[in-house]
Amino acid sequence: AYLKGEKSFDYLMKKVRTGTKIGVNKNWVKSKEGKTYGMMTPNPASRISDADLKDLITYILSLK
């Protein structure tokens with residue numbers, strides 16, 4: 001449902017770079033006060049290089 005035909009690797013690369021927006025994921029956690037959290041901020045190449053991000057996602061996808 002989330003991938004919409006995209007490969008997992010490509011989807012995760014895009015999500016890490018662009019972050020997430022309120023209303024996109026209905027499974028976010030809400031605190032007792034009703035505050036939504038669990039959103040991911042955008043992570044530009046200045047925060048994590050393309051090479052490091054590729055290595056990280058490759059590693060995560062290799063876990064069983």
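**Reading salt bridges and surfaces**

Guide: Let's start with a pair: lysine 14 forms a salt bridge with glutamate 6, and their closest N and O atoms are 3.2 Å apart. Bear in mind that this is a predicted model, where local features need pLDDT of at least 70, side-chain atom pairs count only at pLDDT 80 or more, and totals for chains, interfaces and linings use all residues. Residues are numbered from 1 along each chain as its sequence is written, and side-chain values use heavy atoms, with hydrogens and water left out.

Visitor: What counts as a salt bridge?

Guide: You need a side-chain nitrogen of Lys or Arg within 4 Å of a carboxyl oxygen of Asp or Glu. The structure holds two of them.

Visitor: Are lysine 14 and glutamate 6 buried, exposed or partly exposed?

Guide: Buried means under 20% relative accessible area, exposed means over 50%, and partly exposed is in between (1.4 Å probe, protein chains only). Lysine 14 is partly exposed at 42%, and glutamate 6 is partly exposed too, at 30%. Across the 64 residues of the protein, 14% count as buried.

Visitor: Which residue does arginine 17 form a salt bridge with?

Guide: Aspartate 50, with the closest N and O atoms 2.6 Å apart. That pair links distant parts of the chain, 33 residues apart: arginine 17 sits in helix α1 (residues 8-18) and aspartate 50 in helix α2.

Visitor: How are helices and strands picked out?

Guide: They are DSSP runs, numbered from the N terminus: helices are H or I with at least four residues, strands are E with at least two. Here you get two helices and two strands, in the order α-β-β-α along the sequence.

Visitor: What else does arginine 17 touch?

Guide: Contact means heavy atoms within 4.5 Å. Leaving aside neighbours within four places in sequence, the contacts of arginine 17 include Pro42, Pro44, Ile48 and Leu53. Its side chain also reaches the backbone oxygen of proline 44 at 3.3 Å.

Visitor: And how do I read a nonpolar patch?

Guide: Patches are made of residues with over 30% relative accessible area and no salt bridge; like charges are joined within 9 Å, and nonpolar side chains (Val, Leu, Ile, Met, Phe, Trp, Tyr) within 5 Å. In this protein, Leu56, Tyr59, Ile60 and Leu63 make one of about 390 Å². Leucine 56 is found in helix α2 (residues 50-62) and is partly exposed, at 41%.

Notes:
Accessible areas come from the Shrake-Rupley method with a 1.4 Å probe; for residues, only the protein chains shown count as cover. A polar contact is a pair of N or O atoms within 3.5 Å; within protein, one must be able to donate a hydrogen and the other to accept it, and residues adjacent in sequence count only if both atoms are side-chain atoms.
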